[in-house]
Amino acid sequence: MDKISSVPKHVAIIMDGNGRWAVEKGLKRIEGHRAGVKVVKEIVEASVEVGVKYLTLYAFSTENWKRSTEEVSFLLNLFVDAIQNYIPELKENSIKLNFIGDFSPLPMPLRKTMEYAIKETESGSKLVLTIAINYGGRHEIVEACKKICKSGEDINETNFLKYLYTFNLPDPDLLIRTSGEMRISNFLLFQIAYTELYFTKTLWPDFTKEEFFKILEDFSKRERRFGGV
Ligand code: IPE
Ligand code: IPE
Ligand code: MG
């Protein structure tokens, strides 16, 4: 890999296409999710390697409950196993784990695993890995409105940001979506106002470090103006 001239500080990814990947191979959709976990690890490693400081991954949306009970419970159990198994490696590599979303409807074993993983990895300083579970951008914004009203604080952009789940994260510099869909699907609506977008047709289980680096190269050539000239 050549040196990338300008590495994004915060990369967000909509990891999409697991189901289609599996069906194309004559497998059940859930096998696509299983394959997707391996890719998460590869991209986390790649992020550390290249110096990305924040990586935020969309794992389960507030709308994903519409799927079959079999798929939903498979996913929720997969999160428990994947997080649990990943903790030693995260600690070894100084990666701090963080979660965003509405955790109240999640099963207790998952919530406990998330809490435990946060505590175990809290001193990580190389990368903040944020996983969005039961995350919805609209829900986040409405909840933030309720909280700021209750606080009695002045309502302005600076204060409002403190009530989003992402209060401790910078805005994403780059948002990648796999699987060819060109939509946001309720991800980080408030935070991506000036984020660079990149859509690839690759299905998430086929996504690689090499493609990730190519996308970072592309990002480094973009001119960000933020409304200026
Ligand atoms: C993304 O893959 C993972 C989740 C939404 C949990 P999908 O399961 O949406 O895969 P497709 O889009 O149906 O192929
Ligand atoms: C977005 O993917 C959510 C996640 C990747 C977790 P979906 O597959 O749920 O999005 P739509 O339904 O295609 O918009
Ligand atoms: Mg999908």
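A polar contact here is a pair of N or O atoms within 3.5 Å; within protein, one must be able to donate a hydrogen and the other to accept it, and residues adjacent in sequence count only if both atoms are side-chain atoms. Everything below comes from a predicted model, where local features need pLDDT of at least 70, side-chain atom pairs count only at pLDDT 80 or more, and totals for chains, interfaces and linings use all residues. Residues are numbered from 1 along each chain as written, chains are lettered from A and ligands numbered from 1 in the order written, and side-chain values use heavy atoms, with hydrogens and water left out.

View 1. The side chain of N134 reaches over to the backbone oxygen of D102, at 2.8 Å. N134 belongs to strand β4, residues 127–135 (helices are DSSP runs of H or I, at least four residues, and strands are runs of E, at least two, numbered from the N terminus). With a relative accessible area of 4%, N134 is buried (under 20%, with a 1.4 Å probe and protein chains only).

**View 2. Ligand 1 and its neighbours.** Around ligand 1 there are 13 residues, the closest being D16, G19, R20, R29 and R67 (a residue is near if one of its heavy atoms lies within 4 Å). Look for oxygen atoms of ligand 1 at 2.9 Å from a polar backbone atom of G19, at 2.9 Å from a polar side-chain atom of R29 and at 2.7 Å from one of R67. On its own, ligand 1 exposes 370 Å², and the protein buries 88% of that (Shrake-Rupley areas, 1.4 Å probe). Helix α1 gives the largest share of the shell, three residues.

View 3. The shell of ligand 2 includes I14, Y58, F60 and N64, and strand β2 (residues 54–61) gives the most to it, three residues. Taken alone, ligand 2 exposes 390 Å², of which the protein buries 78%.

How values were computed: Buried < 20%, exposed > 50% of the residue type's maximum accessible area, 1.4 Å probe, protein only.
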